[in-house]
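Here is a short report on one protein model.

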Amino acid sequence: AHAYAARSGRYTSLTRWYKGDDGALVGEIEIPMKVGTVGGPLQSNPTVALNHRLLGATSARELAMVMGTVGLAQNFSAIRALATEGIQQGHMTLHARSVALAAGASPEIFETVVERLIEGGDIKIWKAQEIVVQVKKAMRQEAGSEEPTSNAPRSQGHGKIILLGEHAVVYGSHAIAAPVPLAIEASVQDGDSGSANPGVDLIIPRWGVESRLHKDPAHRDSFQRSLGIVFDKLGLTERSLRIEVFPNVPRGMGLGGSAAMAVAVIRALDQHFKLGHTDDEINALAFECEKVAHGTPSGIDNTVATFGKPLLYRRAHEGQPLLMKPLDLSKPIPLVVGISGKESLTAKTVGGVRAAWQKNPELYENIFRQIDALTLQGVDAVQNYQLERLGDLMNVCHGLLNALRVSSWEIEEMVQICREQGALGAKLTGGGGGGSIIALAPEHPERVIAALRDAGYSGLEVRIG
Ligand code: MEV
């Protein structure tokens, strides 16, 4: 096309725009193209065949006309932009649109999110995510359907990612974890004091859960079992209470949802009854809940859910003391969290690793040792913003986690997508077996997120530190 445009010896336009006799705008384009509707890519690339079916063009000639029309429309848009606000502004809008898309703005709020992004001038995915939350909240309030049925104050427990060291941490190795800007919130209200049948009502409006906590632990279902511990230990099972939970951490995605929920509920109870628990006490109680939920947790999830800080963690194990060292990051680390949508139970993957270790302790302890060593190397990389180094360590850690057989089809695909899109490192995070991955993507996180979305997953830009 470029050669054709320059065929007279001077580079000229391939299009012509003018006013027709009837006053209508007429556009013409003349461009050499080889267009076919059979053979070649049609057979080898299923997307081409699908596009043909969608378009319904019956001949190569008709297809060429469609292509010409699309070319004309694009040309007209470019001329319009040049003659009005300039190409730059148009690019900014386009960029804002793709950022809004990557942030998961749904069609009904899409234009509002784009407008606010442009107004604010900070066209970043995290900003768009913030706007999405604000706009949705405003819409719910307007419709009078804001989730909470009360104005009771809410307490929080943080969601988390594990940067390096999951699974091995259960066996006394080190792990590095950090909070994500997603939290579970909970509120407590007194129920009807004169009720003939007092009890604790657990309500999660978003999940449609409304259940009365069974006073006898033996009769509790799996959801009630772990939170029930809190009410047993605090002696509250006979009280008339209404507990509402707002789960902003997706369920079963390896982002520490169960620990965050336990911490949020414990904090809400602590606030409501003015119990004055310290963070250490809250953490210890949440750990009890985690034991019920996961069997043999290391305690890392509840620790991050409670303290909300990046930390190096090692559980107390075989005589070695507990280590909970907050990490001091020189600069926040830019990550993309890829969420597979496939729920997985940490208890199951942790149990699987345990069974494999019991069968062949030497083989697996060797892997745990390697994960431990690379996690310790990661501390420096995390604190001093050595991203290439950190990326390498994440990649190797993922290989070792794969060796522990806690990966899955979805995880492997997401890791591959992120690496192809330029991530310096990508690995599963948390329990695995589905759930989520993290990718170190300092440049173009929006591309990584868009590619994850194209493959049917979702992505979230987060900054750690
Ligand atoms: C889960 O977020 C992390 C695991 O290492 C389990 C644990 O540490 O309790 C898989």
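Where is the place of His167? His167 sits in the loop between β3 and β4. Keep in mind that this is a predicted model.

Most residues other than glycine have a negative phi.

Find Arg405 in the loop between α14 (387-403) and α15 (409-420).

**Salt bridges**

How many salt bridges does a search of the whole structure find? The search finds twelve.

| Pair | Closest N to O distance |
|---|---|
| Arg154 and Glu185 | 2.6 Å |
| Asp279 and Arg267 | 3.0 Å |

Glu28 is partly exposed, at 34% relative accessible area. Arg16 is partly exposed too, at 47%.

Next come Arg154 and Glu185, which form a salt bridge. The pair links distant parts of the chain, 31 residues apart. Arg154 is in the loop between α7 (125-142) and β3 (155-164). Glu185 is in strand β4 (residues 175-190). Arg154 is partly exposed, with 32% relative accessibility. Glu185 is buried, with a relative accessible area of 17%.

Now take the salt bridge of Asp279 with Arg267. Asp279 lies in helix α10, and Arg267 in helix α9 (residues 257-272). These two residues are twelve apart, and their pair links distant parts of the chain. Asp279 counts as partly exposed, at 33% relative accessibility. Arg267 is buried, at 18%.

**Cysteines**

How many disulfides does the structure hold? The number is zero. Cys418 shows the reasoning for one cysteine. The closest cysteine sulfur to that of Cys418 is in Cys397, 15 Å away, which is too far for a bond. A disulfide needs the two sulfur atoms within 2.5 Å. Cys418 is buried, with a relative accessible area of 0%. Cys289 is buried as well, at 1% relative accessibility.

**A helix pair**

Two packed helices are described by the angle between their axes and the distance between the axes. Apply that to helix α8 (residues 222-233) and helix α10 (residues 279-294). They pack at an angle of about 145 degrees, and their axes are 7 Å apart. The crossing of α8 and α10 is right-handed.

Which residues in α8 meet α10? They are Arg225, Ser226, Ile229, Val230 and Lys233. On the α10 side are Leu285, Glu288, Cys289, Val292 and Ala293. The residues of this contact divide into six nonpolar, one polar and three charged. Cys289, one of the contact residues in α10, is the buried cysteine with 1% relative accessibility. Helix α10 also holds Asp279, the salt-bridge partner of Arg267.

Terms used:
Residues numbered from 1 in each chain as written. Predicted model: local features only at pLDDT ≥ 70, side-chain atom pairs only at ≥ 80, totals over all residues. Heavy atoms only, no water. Axes fitted to C-alpha atoms, helices over the stretch in contact; angles between N-to-C directions. Helix = DSSP H or I, 4+ residues; strand = E, 2+ residues; numbered from the N terminus. Left-handed = near helix turned anticlockwise from the far one by under 90°. Contact = heavy atoms within 4.5 Å. Nonpolar A, V, L, I, M, F, W, Y, C, P; charged D, E, K, R; others polar. Salt bridge = Lys/Arg side-chain N within 4 Å of Asp/Glu carboxyl O. Buried < 20%, exposed > 50% of the residue type's maximum accessible area, 1.4 Å probe, protein only.
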